[in-house]
Amino acid sequence: MIKETKYFGKYSYDEKNIISFENGLFGFEQEKEFLLIQLDPNNEDVLCLQSLKNKDTAFFTVNPFAFLEEYHPTLTNAELQTLGATNIGELLIYVICSMTDDIRTSTANLKCPIAVNPKSNKALQIMLDNPEYQIRHSFAALGQKEEENS
């Protein structure tokens with residue numbers, strides 16, 4: 001199948017790669033089907049979450065564990081059940097980023113990660129009840145935290 005995308009032009013994909021959100025994303029509840037597209041074929045940590053409904057709806061996402069080892073999202077039993085998982089270790093976790101020209105002013109939404117079951121391609125955006133995680137967590141602050149821990 002071929003889909004026009006925001007950042008990649010015409011993009012060829014297989015139907016088995018569609019990620020399904022039963023309830024959509026926060027603020028984009030009508031967007032239920034997405035593709036996760038790697039920006040760099042050699043880097044699985046930075047991706048684009050591209051809507052199949054609207055070509056202009058696309059989000060940069062990252063694997064938060066690649067830059068923040070102490071990130072520990074927790075899912076409720078109901079959220080795990082929705083995804084068809086028994087524990088978080090079965091899932092892929094991504095956070096949506098707001099990217100700017102200067103990485104120091106870019107942010108990651110650690111408060112509302114996306115959990116994906118890679119076996120079923122079911123996905124869910126969750127809201128964590130942890131005051132440490134912010135909706136606009138600065139990449140500059142993440143870099144400082146990593147340096148302090150070294």
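What is the mean pLDDT of the protein chain, and what share of its residues reach 70 or more? This is a predicted model, and pLDDT is the predictor's confidence in each residue, from 0 to 100. Here the chain's mean is 90, with 91% of the residues at 70 or more. One stretch to treat with care is residues 144-150, where the pLDDT is below 50. Beyond near neighbours in sequence, this stretch has seven contacts in the model. Where pLDDT is low, the predicted coordinates should not be read in detail.

Now let's look inside. The largest nonpolar core has 19 residues, and the members that touch the most others are Tyr71, Leu75, Leu91, Val95 and Leu110. Helix α1 (77-83) and strand β7 (92-98) each bring at least two residues to this core. Of the contributors, β7 gives the most, with three residues.

Setting aside neighbours within four places in sequence, Tyr71 is in contact with Pro64, Phe65, Ile93, Val95, Leu110, Pro113, Leu128 and Tyr133. There is also a second, separate core, made of twelve residues, among them Phe21, Leu25, Leu47 and Val116.

Let's finish with a charged residue. Glu79 sits in helix α1, and Glu79 is buried yet has no salt bridge. Why is there no salt bridge for Glu79? A salt bridge needs a side-chain nitrogen of Lys or Arg within 4 Å of a carboxyl oxygen, but the nearest side chain of opposite charge, Lys111, is 12 Å away from Glu79. Which residues does Glu79 touch, not counting those up to four places away in sequence? They are Thr74, Leu124 and Ile126.

Note on methods. Residues are numbered from 1 along each chain as its sequence is written. This is a predicted model: local features need pLDDT of at least 70, side-chain atom pairs count only at pLDDT 80 or more; totals for chains, interfaces and linings use all residues. Side-chain values use heavy atoms; hydrogens and water are left out. A nonpolar core is a set of buried Ala, Val, Leu, Ile, Met, Phe, Trp, Tyr and Cys residues joined through side-chain atoms within 4.5 Å. Buried means under 20% relative accessible area, exposed over 50%, partly exposed in between (1.4 Å probe, protein chains only). Helices (H or I, at least four residues) and strands (E, at least two) are DSSP runs, numbered from the N terminus. Contact means heavy atoms within 4.5 Å. Lys and Arg count as positive and Asp and Glu as negative; His and the chain ends are not counted.
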